[in-house]
Structures are given as structure tokens and as C-alpha cells.
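Let's take a walk through this protein together.

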Amino acid sequence: MGTPETSREPCPDRILDDIGGAFGMGAVGGSAFHFLKGLYNSPKGSRLVGGSQAVRLNAPRVGGSFAVWGGLFSTFDCTMVYVRQKEDPWNSIIAGAATGGFLSMRQGLGASARSAAFGGVLLAMIEGAGIMLNKFLSAQQQMPIIIDEPMPAGYPVNGLPGQSFPQGVMQPSTVPSDSGSVESRFGGWFGGGKKDEPPTSGGSETKVLESFDAPPVPNFAFK
């Protein structure tokens, strides 16, 4: 995203662009203000006529004043760009102070200094607000978007052997425990041994009988 300095027109064309934009802003704003003022000051029955006359008389004057201010500001801005050979907010701040002081020069040195200080402070506030807005918008664009995808319906809690899992899902541990082998090893060394535990009906462990004597099978062959 470009800064307010880099997003503007080049310096020779910037003057005409600012003059036209300032004139349009002043004409539209002055038309609205003086139309409402004409409606309020006109007698009943001729308020619309009075408002339209106020717009015709005062809107061009307000637009011209804005155009003069915009043209002087752009001229001083381009002068600072040429002198300093770089684009930064200081050019606009100095141009605003110079414009305010130049327009109030006929009223004396004190009025010119006050107008210059007011113009510099006003442009500093505008430039600061623009920089903060650009930083906020750039931070919002660079922030990553994290989307939590829910597990699919019917997904098993305990995985089966050979079952594939989606990426990012931890597989259940299927490594057998070797605590029994360690215990039997130490039991064999010290003459202990693992004691037989009574079988439980709810367990899944199956014990194999060591000895099983089957009864003899009768032979019915004729002798």
C-alpha cells in the first residue's frame, strides 16, 4: 500500500490536480453551507429562491478561495521536494505553514506567524492521521487467517491398524509396553517369577493351558 506522498501525482501535475480538487471541495461545501444559510435568512414563501441566490453569489467565491489555498500549498510542496530531493511528511508540514503565512502576509507579521503556525499544526495532524491509518490497514492485511476445521463425522476415536489419518491429527500410540518383560526378567534372576493371576471375564487376555490330557477315543472296529 502506498503512502500519501507516493500515491499522489508527480510534482508538475500535482499543482493543477490540487487546484481542481480544492475548487471542487470548496464549491460543494460552500454551496451546501450558503444554501442552508439562505433558507434560514429568507422570509417565508421565498426560502428556496433565497437559498439558490445565496449559492450563486457565494459558492464560486468559496471555491476560488479553496483553489488559491490548494495551488499555493502544492507550489510550496513541489518546491520543498525539489530542494530536499525526497518525499516525506515534512514537505507537507512546511508547505502548510508557508501557505498560511503567505496568505496572511498583508495583515502584519504577527498574524502571518499565527497563520503559519496554525497551518503547520493542521498539516501535521493530517499527515499523522494518514500515517496511522496506513499502518493499521497494512497490519490488517498481513495478519494470517486461521480457520479451524472440525473433524469429519464418524471419525473413530481409537485408530485401527493400517488406518490412515488426516494430516495434522496425532495417531494413537500402538507401541506395546515392555514392563512385563522387565518384571519377568528380574523375577527370574532373584528366584521370584511372575505370579499367576486369576483370569477375569472382562479382559481380553487369553491363557493357554500348559498340559491337557484328553480321554482315550473308543474304537468300535470289529475284531
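This is a predicted model: local features need pLDDT of at least 70, side-chain atom pairs count only at pLDDT 80 or more; totals for chains, interfaces and linings use all residues.

Of its 223 residues, 22% count as buried. The accessible surface comes to about 17,800 Å², and 64% of that belongs to carbon and sulfur atoms. If you look at contacts with a separation of 6 or more, residues 24 or more positions apart account for 53% of them.

Now find helix H2, which covers residues 47-84. With 38 residues, H2 reaches 53 Å from its first C-alpha to its last, close to the 56 Å expected at 1.5 Å a residue. H2 does have a kink, though: about 35° at Asn-58, shortly before the proline Pro-60. Just after H2 ends, Gln-85 takes a positive phi of about 60°.

Next, the charges. How many salt bridges does a search of the whole structure find? It finds three. In one of them, the side chains of Arg-14 and Asp-77 meet at 3.1 Å, N to O. Arg-14 sits in helix H1 (residues 11-41) and Asp-77 in helix H2, so this pair ties together parts that are 63 residues apart in sequence. Are these two partners buried or exposed? Arg-14 is buried, with a relative accessible area of 3%, and Asp-77 is buried too, at 1%.

Arg-14 has another partner: its side chain also meets that of Glu-87 in a salt bridge, again 3.1 Å, N to O. Here the link runs from helix H1 to the loop between H2 and helix H3 (89-103), with the two residues 73 apart. Glu-87 counts as partly exposed because its relative accessibility is 37%. Put together, Arg-14, Asp-77 and Glu-87 are linked in a network of salt bridges.

There's also a salt bridge between Asp-88 and Arg-84, at 2.6 Å, N to O. Asp-88 counts as buried at 14% relative accessibility, while Arg-84 is partly exposed at 27%.

Finally, go to Gly-119 in helix H4 (residues 109-142). Why does Gly-119 count as buried? The cut-off for buried is under 20% relative accessible area, and Gly-119 has 7% relative accessibility. Leaving out residues up to four places away in sequence, Gly-119 touches Gly-96 and Ala-97. Its C-alpha is 7.8 Å from that of Ala-98, a residue 21 positions away along the chain.

Note on methods. Residues are numbered from 1 along each chain as its sequence is written. Side-chain values use heavy atoms; hydrogens and water are left out. Helices (H or I, at least four residues) and strands (E, at least two) are DSSP runs, numbered from the N terminus. Buried means under 20% relative accessible area, exposed over 50%, partly exposed in between (1.4 Å probe, protein chains only). Contact means heavy atoms within 4.5 Å. Accessible areas come from the Shrake-Rupley method with a 1.4 Å probe; for residues, only the protein chains shown count as cover. The expected span of a helix is 1.5 Å times one less than its number of residues. The bend at a residue is the angle between axes fitted to the seven residues ending there and the seven starting there. A salt bridge is a side-chain nitrogen of Lys or Arg within 4 Å of a carboxyl oxygen of Asp or Glu.
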